[in-house]
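Thanks, everyone. I have one model to go through today, so let me put it on the screen.

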Amino acid sequence: MTQIGGLKYQVDQSHLQSLKNAQGALGQPAQGPNFSERLADGLNDVANAQGNASKMARDFELGLEQDLAKVMVSQQVSSLGFQLTLNLRNKALSAYKDIMNMPV
């Protein structure tokens, strides 16, 4: 459940950052990570979730982890993060192709 709580925290922080950016657009100075930093952080979070899920599955197979539900939730969080990353990549690639096909 801590991973789900962590995801909720990230969404809340993203919303807070959006509000700060809106204030910055109104003439107030805005601080925070830029797009590339957010993207890198997101990719690192997905990689960490996949590593954690893999470790938990291995521990379950070795008998070190007893809670199957915890292992399955970890696998689902990892899968969801990967699917989100894959969809983000596909959208970015599609946008790039659309831009490249525009007449100048």
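Start with Glu-65: this residue is buried, meaning under 20% relative accessible area, with exposed being over 50% and partly exposed in between, for a 1.4 Å probe and protein chains only.

Two notes on the source. This is a predicted model, where local features need pLDDT of at least 70, side-chain atom pairs count only at pLDDT 80 or more, and totals for chains, interfaces and linings use all residues. Residues are numbered from 1 along each chain as its sequence is written, and side-chain values use heavy atoms, with hydrogens and water left out.

Where is Glu-65? In the loop between helix 2 (35–62) and helix 3. Helices here are DSSP runs of H or I, at least four residues, and strands are runs of E, at least two, numbered from the N terminus. Leaving aside residues up to four places away in sequence, Glu-65 touches Met-56, Asp-59, Phe-60, Lys-70 and Val-71, contact being heavy atoms within 4.5 Å.

As for the whole chain, there are three helices and zero strands. Of its 104 residues, 12% count as buried.

Finally, Leu-93 sits in helix 3, residues 68–100. Leu-93 is partly exposed, at 41% relative accessible area.

Notes:
Lys, Arg positive; Asp, Glu negative; His and termini not counted. Salt bridge = Lys/Arg side-chain N within 4 Å of Asp/Glu carboxyl O.
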